[in-house]
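Colleague: I am new to this protein. Could you walk me through it?

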Amino acid sequence: MDRRPGLSVRLKLTLSYAGFLMLAGALLLVAVGVFLLRQGWWQTNESGAVRATPGTLFVRDFAPTAAAVMVFLLVFGLLGGWFLAGRMLAPLSHITHATRMATDGSLSHRIRLPGRADEFRELADAFDMMFARLEAHVAEQRRFTANASHELRTPLAISKALLDVARSDPDQDTGELVDRLHAVNARAIDLTEALLLLSRAEQRSFARERVDLSLVAEEAAETLLPLAEKHGVVLETSGDIAPTGGSPTLLLQLTMNLVQNAIVHNLPEHGNVWVHTGVRPRSVVLTVENTGGHLGPQVVSTLTEPFQRGTERVHTDQAGVGLGLAIVSTIARTHDGTLALAPRSAGGMRVTVELPVLSPYAGR
């Protein structure tokens, strides 16, 4: 933003210090003068005429002294105010320098002002926290872009290789080629749709409505019941009415992703998935648990990152595109909620989504 040049904050503070100092000095000199007059400096003779003794001395001696004191206060106020303003505003120069470095792309720089807490140091600490979050966000976006490029390049490279083989071998079975190209193309479409959904969720471009998570959970379970039966998984839903506010479409997608992951990444046979909704004093909770293999805490902590999967899941035919839990995390965050993942002691995982509870009278 272009602004007209003006006085610096340091000069403004200096003039303010000097002005207040001169005002205090002037008031003090006036008070002293009035006190001296009341003590007999201004006297009259018997006829009422003014005697040119103490009153004249007041004007002749006190006034020049007062003027000299005022000049001294002005010079002292300007010099002292300039020095004090510089000392007080010194932390701002560090903050400005760090902000300019961040503007130039260096987010690793930190201010780290020493000393006890005050307004400037609280501001510097807030900037340091902001820089740290921005650095982490930029690093995450770079990883996401690199991974997305790799994931999108993989099906295109496979398609190109299949077409090259078909062109070099005209006698190859076209039916098998078409089936493989169809599978590769379907994976690319699923990945693209997942990326678009993730982008829309991050933009928060949705209208908030009243949503009952228990109904959303039942709809997701009913939709995915054939998938559960195909994998030999028993799917159970339970819980109370859980009213919250948000996008019904996105919250359904969140629940579908969680339930689908719980079904697909389960025991080879006789697996279970439990979907439960509940209400807390200030939040509603959606919990999805499943049986399965034992997962380490380190593996679980990385599953919400885009394109991250458990090592034992990558080679299955239901590996997905690696964005299921990343989408869940983004949707929960854009609905002012939280997502928590924890391994179960008996195997499998417990996923808990906590969202703000909606008042029964909201929206009426």
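This is a predicted model: local features need pLDDT of at least 70, side-chain atom pairs count only at pLDDT 80 or more; totals for chains, interfaces and linings use all residues.

Colleague: What share of the residues is buried?

Modeller: Buried means under 20% relative accessible area, exposed means over 50%, and partly exposed lies in between (1.4 Å probe, protein chains only). Of the 364 residues in the protein, the buried share is 35%.

Colleague: Is leucine 79 buried or exposed?

Modeller: Leucine 79 sits in helix α2. Because its relative accessible area is 60%, leucine 79 is exposed.

Colleague: Which helix gives the most to the nonpolar patch?

Modeller: The patch on the surface consists of Leu7, Leu15, Val71, Leu74, Val75, Leu78 and Leu79, together with about 610 Å² of accessible area. Patches take residues with over 30% relative accessible area and no salt bridge, joining like charges within 9 Å and nonpolar side chains (Val, Leu, Ile, Met, Phe, Trp, Tyr) within 5 Å. A salt bridge is a side-chain nitrogen of Lys or Arg within 4 Å of a carboxyl oxygen of Asp or Glu, and accessible areas come from the Shrake-Rupley method with a 1.4 Å probe, where for residues only the protein chains shown count as cover. With five residues, the most comes from helix α2 (residues 54–103).

Colleague: At what angle do α6 and helix α8 pack?

Modeller: Contact means heavy atoms within 4.5 Å, and residues of α6 that meet α8 include Leu250, Leu254 and Leu258. Axes are lines fitted to C-alpha atoms, for helices over the stretch in contact, and angles run from 0 to 180 degrees between N-to-C directions. The axes of α6 and helix α8 (residues 324–334) are 9 Å apart, and the angle is about 145°.

Colleague: Why does arginine 344 count as buried?

Modeller: Arginine 344 lies in the loop between β6 (338–343) and β7 (349–356). Leaving aside neighbours within four places in sequence, its contacts include Trp274, Glu289 and His294. Arginine 344 counts as buried because its relative accessibility is 18%.

Terms used. Residues are numbered from 1 along each chain as its sequence is written. Side-chain values use heavy atoms; hydrogens and water are left out. Helices (H or I, at least four residues) and strands (E, at least two) are DSSP runs, numbered from the N terminus.
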